[in-house]
Amino acid sequence: MSDDPLPPSSPTPAPGRPTVRTAAVIPAAGRGVRLGPGAPKALRALGGTPMLVHAVRAMADSRAVSLVVVVAPPDGAGEVKSLLDTHALPERTDVLVVPGGESRQQSVKLGLDALPEGYDIVLVHDAARPLVPVDTVDAVIEAVRDGAPAVVPALPLADTVKQVEPAATPGEPEPVVATPDRSRLRAVQTPQGFDRATLVRAHETVTDDVTDDASMVEQLGLTVVTVPGHEEAFKVTRPLDLVLAEAVLARRRLNDGF
Ligand code: CTP
Ligand code: MG
């Protein structure tokens, strides 16, 4: 891995340093069941623009990212491709669209399989986190460039967390088993950044169901590190999250003077 001292947004490496190219894989093949009935979640509009377009732009905003691989709903790759064709992206960014799978993990694997040679750093970013700021993206890339095999943006928790014995019937009282020390817990976001070879090996090796990619690297016995996450990188999961996302966009428009 390069120890390139330049900021990750720099388009040109220092003389004599190898260029480390970065690609982003965006799993966007989920239905969005928790959001309620409607179009696949990634295609729902935020501020009049599909969530997926926001997410692709959030990756393309980083000057270090030169390729975005979008993993579309299995039967919707054509539709997603034409959608992206009609929305402007920076000239420097290439976009590939591939069909996804049954689980997020399968979708990410399909995205990785489509990644051309020549990209040594891979970001995996949920389409459902459309508003992640570019500084967070760049901080993740920089930590991978500095040699970490896997990097996750993370935030301290606001709520205390309880471990329970899950009830057989949803809604029934559940006995609390433990209360982990909140000061040692973090909520993790995306983009998660990886040394490409490590992430590929993780996806070839780990078969357990996981909810994030970094945990697969943990299972390889490697150390995953965190960088500061951002409150605007929250995941749009339930209807109230759409309200929050619209409010963030409205605040940005105000701050941009439009
Ligand atoms: N995802 C995917 N392929 C799947 C399932 C999920 O690419 N088979 C993607 C989603 O599109 C999303 C990200 O993984 O961008 C995070 O998943 P989540 O927020 O759970 O989205 P959904 O699975 O769509 O939502 P739900 O679980 O409510 O159905
Ligand atoms: Mg899901």
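Conventions first. This is a predicted model, where local features need pLDDT of at least 70 and side-chain atom pairs count only at pLDDT 80 or more, while totals for chains, interfaces and linings use all residues. Residues are numbered from 1 along each chain as its sequence is written, chains are lettered from A and ligands numbered from 1 in the order in which they are written, and side-chain values use heavy atoms, with hydrogens and water left out.

Now the polar contacts, meaning pairs of N or O atoms within 3.5 Å. Ala 29 places a backbone N or O atom 2.9 Å from an oxygen atom of ligand 1, and a backbone N or O atom of Gly 32 also lies 2.9 Å from an oxygen atom of the ligand. From the side chain of Lys 235, an N or O atom is 2.8 Å from a ligand oxygen. On its own, ligand 1 has 560 Å² of accessible area (Shrake-Rupley, 1.4 Å probe), and the protein covers 86% of that.

Where does ligand 1 sit? It sits in the largest pocket, in the sense that more than half of its atoms lie within 2 Å of the pocket's grid points. A pocket is an open set of points on a 1 Å grid over the protein atoms alone, where a 1.4 Å probe fits, with protein on both sides within 12 Å along at least five of seven lines; lining residues have an atom within 4 Å of a point.

The volume of this pocket, the space filled by probe spheres set on the points, is about 820 Å³. Its lining has 32 residues, and Gly 30, Arg 34, Arg 104, Asp 126 and Lys 235 lie nearest the centre. Helix 3 (residues 104-113) gives the most to that lining, with three residues. The lining is made up of 11 nonpolar, 11 polar and 10 charged residues.

The second largest pocket holds about 360 Å³.

Methods. Polar contact = N/O pair within 3.5 Å; in protein donor to acceptor, adjacent residues only side chain to side chain. Helix = DSSP H or I, 4+ residues; strand = E, 2+ residues; numbered from the N terminus. Nonpolar A, V, L, I, M, F, W, Y, C, P; charged D, E, K, R; others polar.
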